[in-house]
Protein chains: 2
Amino acid sequence: MAYHLWSIFSCLLVTCFMVSLPACHSGKVLVFPLEGSHWLHMDILIKALHAQGHSVTVVRTNKSWYIKEESSYYSSITVHVTDGVDEGFVKPILNKVLDIERGKSSALNFFSLQVEALSFMSKVPKMMAEMVTNIIEDKELMKDIKETQYDLVLTDPAWGAGVLMAHYLQLPLVYNVRWVTFGEGHQVIAPSPVSYIPMTGSGLTDKMTFTERVKNMLIKLLGQVQDRFLVRPYYQAVCDEYFQPGVDFNELIQGADLWLMRVDFVFEFPRPTMPNVIYMGGFQCKPAKPLPQDLEDFIQSSGEHGVIIMSLGTFVKELPSDITDEIATAFAQLPQKIIWRHIGDRPATLGNNTLLVDWMPQNDLLGHPKMRLFVAHGGTNGVQEAIYHGVPVVGLPLFFDQYDNLLRLQARGGAKIVTIATLDNDFLKALQEVLQEPSYRENMQRLSKLHRDQPMNPLDLAMFWIEYVMRHKGTAHLRTESYRMPWYSYHSLDVMTFLLASVLLILLTTVAFIRCLCFRMCCRRKMKHE
Amino acid sequence: MAYHLWSIFSCLLVTCFMVSLPACHSGKVLVFPLEGSHWLHMDILIKALHAQGHSVTVVRTNKSWYIKEESSYYSSITVHVTDGVDEGFVKPILNKVLDIERGKSSALNFFSLQVEALSFMSKVPKMMAEMVTNIIEDKELMKDIKETQYDLVLTDPAWGAGVLMAHYLQLPLVYNVRWVTFGEGHQVIAPSPVSYIPMTGSGLTDKMTFTERVKNMLIKLLGQVQDRFLVRPYYQAVCDEYFQPGVDFNELIQGADLWLMRVDFVFEFPRPTMPNVIYMGGFQCKPAKPLPQDLEDFIQSSGEHGVIIMSLGTFVKELPSDITDEIATAFAQLPQKIIWRHIGDRPATLGNNTLLVDWMPQNDLLGHPKMRLFVAHGGTNGVQEAIYHGVPVVGLPLFFDQYDNLLRLQARGGAKIVTIATLDNDFLKALQEVLQEPSYRENMQRLSKLHRDQPMNPLDLAMFWIEYVMRHKGTAHLRTESYRMPWYSYHSLDVMTFLLASVLLILLTTVAFIRCLCFRMCCRRKMKHE
């Protein structure tokens with residue numbers, strides 16, 4: 001009953017909202033986006049802002065590979081950087097991950113993967129620091145930016161340029177966020193007890209054994225060390241060079257006015273949060289549109305068996321042929337039709353039931369009534385779309401947060417994870433299990449119902465809060481000043497030390513006093529006896 | 001511009017919401033309310049539930065002084081208790097507070113106030129335990145309740161009967177909450193660092209010195225001791241008697257599905273929160289209705305000076321004559337007209353500009369354009385109404401959370417607090433300062449704008465979430481299981497001990513190894529020399 005709450009209700013609500021809201025003055029938004037799949041969802045926010053009558057300026061680098069210079073709905077500023085991070089950065093990491101997964105790894109291989117990952121980790125902040133320096137040093141550009149009188153900076157804080165520039169320009173700061181420059185966003189803004197909040201990359205859920213909690217703690221400590229020595233120094237150098245003395249980059253990260261978080265609690269494990277964190281998970285999802293005729297015909301030819309789609313996301317388009325052969329072999333044994341987003345050689349074992357495509361209208365396919373299963377890598381976008389449309393998932397995670405994302409679906413009974421290492425054995429079994437066992441579909445349908453049952457469509461909620469920041473020039477009353485405290489004060493260690501010392505002092509004084517008293521009494525008795 | 005956002009927009013929104021929401025099946029709600037001013041706001045929720053088509057059963061005791069047995073919008077169950085808490089309980093506490101405030105206190109007086117407060121503290125859980133026992137033991141009543149198949153229990157958890165009964169009946173549990181059986185609600189459900197979250201009764205804000213943080217910590221510890229020995233034992237006894245072994249009352253309190261919190265962050269200091277806490281602060285506020293003609297005439301006679309209202313809330317109707325004389329003297333010296341809710345003897349010094357009333361339409365008066373100032377005791381209802389209508393406050397706190405509530409307004413520049421002790425010196429000055437210094441009004445108007453600028457009217461939001469609990473039979477995915485962990489695991493003390501011990505062991509082994517090595521080398525050298 002509540003399942004169609006959104007589709008029936010949100011149109012009315014949105015129309016009503018948009019009409020009756022005494023629209024915020026036409027705002028000016030300065031956007032510092034991130035590349036790759038991160039740009040895809042930032043682009044959705046930018047389009048929505050444009051549709052609301054706001055003007056958007058996107059700051060990109062000359063090395064941008066996704067963010068176009070020309071656009072009908074934003075203007076852009078291109079900043080020169082010497083060493084960009086391009087789309088190719090994934091390939092060496094992917095190859096090493098695949099080698100390790102398939103047991104072809106040596107200790108050297110594993111070590112070189114770590115070096116590759118660490119080198120990438122410090123490459124981004126280096127590029128961002130250069131970007132910010134080049135903007136600040138460009139007097140003409142800075143004059144233009146200041147004269148435009150932007151209302152706020154909108155950024156994806158996994159890359160830190162927007163955070164630095166918002167502080168330099170003294171503008172309110174809004175995040176489209178899941179990751180900050182190092183680690184998951186919540187870890188930075190909200191209390192995050194290590195005892196039940198799994199670190200990203202830990203492969204743990206919110207229910208941990210003692211050993212798992214030890215592992216979680218070690219991962220947290222290791223992350224802090226990496227952040228301290230590999231990431232933060234680049235950003236801190238900009239603070240030290242251009243800002244008032246004592247400005248700490250971590251405080252700037254924490255001090256954002258608004259955190260538009262790209263998850264919701266249908267997806268994420270429940271955890272503490274803060275008043276200026278707004279959950280817009282699934283803001284990119286929308287009802288399915290009709291498909292191109294050839295795709296529709298292919299789907300209809302599946303009869304009662306229905307259709308499976310497979311995509312490994314923005315970054316991974318090609319896989320080694322032995323892996324694609326294993327996947328194709330498994331697909332060929334199913335009665336379903338399969339649409340597979342695959343670039344590269346045609347697998348030798350491809351069945352007649354499988355259609356290879358360069359690109360697919362993923363959201364429209366997932367919303368098709370004949371959709372039975374989604375073979376996904378576990379990117380946030382895909383996982384949220386699977387939840388929105390209630391489609392069960394077989395997960396094939398490769399790197400980053402993909403395993404953790406799929407784990408959240410698996411923990412709720414909506415997905416089954418298969419690793420590349422055991423693909424030949426497990427993939428077909430996993431497909432058959434998820435197709436035949438009704439609980440997977442039922443659980444995803446339940447998650448879909450929960451996700452859609454919100455007082456407001458997540459994209460409209462995000463727009464409301466961005467305009468709220470414009471109207472009130474920030475969110476001072478929603479932000480704690482807690483992170484400006486030294487860590488020992490925040491955790492009351494100084495107070496506890498003082499109280500313990502006081503108790504100890506009182507105890508010692510009392511003991512000393514009693515001993516003194518006893519000694520005197522003994523002396524007297526002795527004297528009497530003598 | 002955004003100021004009238006609500007008034008223009010929420011009507012449309014609400015209408016649209018109510019019409020298009022595929023209304024939850026007509027639900028059945030079992031309510032365990034609290035007396036006094038707490039009943040006033042529970043009554044608003046009950047009326048709203050009734051208006052939405054749900055049927056409500058209110059469980060009251062034979063000693064209830066506010067909750068009527070007969071009503072047009074709810075049915076009731078009356079449970080017999082031997083020793084109720086009646087309206088008179090405030091009087092002895094108030095008298096002692098006033099004596100202490102006016103310097104008439106002796107050490108004995110102060111001691112007897114503590115005894116009075118502690119006795120009241122344990123009187124409520126005793127009554128609640130008796131109430132629950134009597135319900136459970138009444139086979140006929142229990143049969144009726146079970147057969148009715150309620151959808152959820154709605155309760156104000158400052159009194160614990162609803163919490164116990166929800167567990168006994170295995171029903172989803174919804175709170176209309178600011179206080180739980182002991183202390184402020186957030187303290188129980190969300191991480192609450194003592195370093196910047198002031199305890200109720202501490203008179204502290206979210207910015208504390210070291211000494212204040214020590215005070216805050218001591219108040220927290222004292223509170224935990226009082227809870228442990230005065231309050232919890234009564235509730236725990238019911239758990240031990242009627243529930244499965246090992247059921248802990250504190251876990252039941254924490255395990256509620258939904259916390260409809262009677263504050264928002266325009267009022268409360270920003271702090272960590274949880275996914276199942278919904279802020280409905282100000283849900284009782286509404287635009288002002290026209291006043292009765294005599295009141296309107298009185299107000300209009302104030303000319304450009306405008307009007308002041310004074311009320312000390314539900315519990316305090318009478319004050320000693322020396323205090324009321326001081327208040328009346330101050331009022332008489334103002335050019336404003338004053339409407340004063342006062343029961344008791346007419347103060348000898350009452351000016352012509354002051355009208356005494358038994359009762360006043362407080363919300364309608366606060367929304368009147370000629371309203372200049374609100375003299376308030378600092379109950380949550382009044383403070384939220386002052387925020388809603390943007391009226392500055394002179395606060396006259398007496399007990400409970402009143403000082404803390406007013407402190408929140410004062411910290412934001414919208415109120416000035418006066419104590420009974422210095423009334424004769426400070427009251428007139430405070431009134432004149434708040435009337436003449438524009439910043440008080442400006443700050444309250446700013447708070448009002450912020451409060452009204454929400455995606456949804458708080459009462460509608462509360463209704464949405466109550467029905468959400470009905471639709472999904474709870475909020476399992478929004479609740480952490482963290483509170484089921486032992487405290488040392490939750491705080492990772494076991495993990496940290498293990499890690500420290502491991503590091504220590506490695507260090508000691510290394511040192512022992514090196515010493516052993518050195519010793520051997522020394523021995524060899526010695527042997528060589530010999």
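Biologist: What is the relative accessible area of B:Glu69?

Modeller: This is a predicted model, in which local features need pLDDT of at least 70 and side-chain atom pairs count only at pLDDT 80 or more, while totals for chains, interfaces and linings use all residues. Residues are numbered from 1 along each chain as its sequence is written, chains are lettered from A and ligands numbered from 1 in the order in which they are written, and side-chain values use heavy atoms, leaving out hydrogens and water. Buried means under 20% relative accessible area, exposed over 50%, and partly exposed in between (1.4 Å probe, protein chains only). B:Glu69 is partly exposed, because its relative accessible area is 43%.

Biologist: Which residue forms a salt bridge with B:Glu69?

Modeller: A salt bridge is a side-chain nitrogen of Lys or Arg within 4 Å of a carboxyl oxygen of Asp or Glu. Here the closest N and O atoms are 3.8 Å apart.

Biologist: Are B:Asp257 and B:Arg479 buried or exposed?

Modeller: In chain B, the side chains of B:Asp257 and B:Arg479 meet in a salt bridge of 3.0 Å, N to O. This pair links distant parts of the chain, 222 residues apart. Both B:Asp257 and B:Arg479 are buried.

Biologist: What is the angle between the planes of A:Phe331 and A:Trp340?

Modeller: Rings of Phe, Tyr and Trp (its six-membered ring) pair if their centres lie within 6.5 Å; planes under 30 degrees apart count as stacked, over 60 as edge-to-face and the rest as tilted. By this rule there are 30 aromatic pairs over all chains. A:Phe331 and A:Trp340 form one that is edge-to-face, with 5.7 Å centre to centre. The angle between their planes is 75 degrees.

Biologist: What is the relative accessible area of A:Trp487?

Modeller: The rings of A:Trp487 and A:Tyr488 have centres 5.9 Å apart and planes at 85 degrees, so the pair is edge-to-face. A:Tyr488 counts as partly exposed, at 40% relative accessibility. A:Trp487 is exposed, its relative accessible area being 59%.

Technical notes:
Helix = DSSP H or I, 4+ residues; strand = E, 2+ residues; numbered from the N terminus.
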